[in-house]
Amino acid sequence: MNWTQQLGNLASTAARLSSRCTRPEHDALVVHLLREAALMIEWSAPHVAPALHPDLAAMQREVLAWGHCWPLDPARPLLALRARQMSDALLRMARLDQPAQ
């Protein structure tokens, strides 16, 4: 996969995270998705433009921090928001948020 596809897959993982983290019965899946996102960032970073590295590094630090404290019931809406924001940002980075021409 090229780097735009890798970031697209990462955006998809973040979107799944956003939709699942609000429900306690999905806590094990959320922990898995947080770990998956961190690994996907690690694997895609060498292929992404260096200008995007700081944003990816910040995302990786954040998902790792969430993974260390999850589940955290009062923070469910916050993680849902942050994961959706990350997904949108990743789509913009990969320029996949634009309609096909």
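1. A residue is called buried when its relative accessible area is under 20%, and exposed when that value is over 50%. Keep this in mind as you look at the structure, which is a predicted model.

2. Let's start with helix H3, which covers residues 53–69. Its buried residues are Leu56, Met59, Gln60, Glu62, Val63 and Trp66. Viewed down the axis of H3, these residues fall within an arc of 165°, so they line one face of the helix. On the other side of H3 you will find Pro54, Arg61 and His68, which are exposed.

3. What do the buried residues of H3 pack against? Their partners are helix H1 (3–20), H2 and helix H4 (76–93).

4. With 17 residues at 1.5 Å a residue, H3 should span 24 Å, and its end C-alpha atoms are 25 Å apart, which agrees. The expected figure uses one less than the number of residues.

5. Now have a look at His53, which is found in H3. Is His53 buried, partly exposed or exposed? Its relative accessibility is 31%, so His53 counts as partly exposed. Leaving aside neighbours within four places in sequence, His53 is in contact with Ala45 and Val48. With Val48 there is a further detail to spot: a polar atom of the His53 side chain lies 3.3 Å from the backbone oxygen of Val48. For a sense of scale, His53 and Leu81 are 28 residues apart in sequence, and their C-alpha atoms are 22 Å apart in space.

6. Asp27 lies in helix H2, which runs over residues 27–44. Its relative accessible area is 14%, and because the limit for buried is under 20%, Asp27 is buried. Once neighbours within four places in sequence are set aside, Asp27 is in contact with Trp70, Pro71 and Arg76.

7. Finally, the cysteines. A disulfide is a covalent bond between the sulfur atoms of two cysteines. How many disulfides does a search of the whole structure find? The search finds 0. Cys21 is in no disulfide, and the nearest cysteine sulfur to it belongs to Cys69, 11 Å away.

Key: Residues numbered from 1 in each chain as written. Predicted model: local features only at pLDDT ≥ 70, side-chain atom pairs only at ≥ 80, totals over all residues. Heavy atoms only, no water. Helix = DSSP H or I, 4+ residues; strand = E, 2+ residues; numbered from the N terminus. Buried < 20%, exposed > 50% of the residue type's maximum accessible area, 1.4 Å probe, protein only. Contact = heavy atoms within 4.5 Å. Polar contact = N/O pair within 3.5 Å; in protein donor to acceptor, adjacent residues only side chain to side chain. Arc of directions from axis to C-beta. Disulfide = S-S within 2.5 Å.
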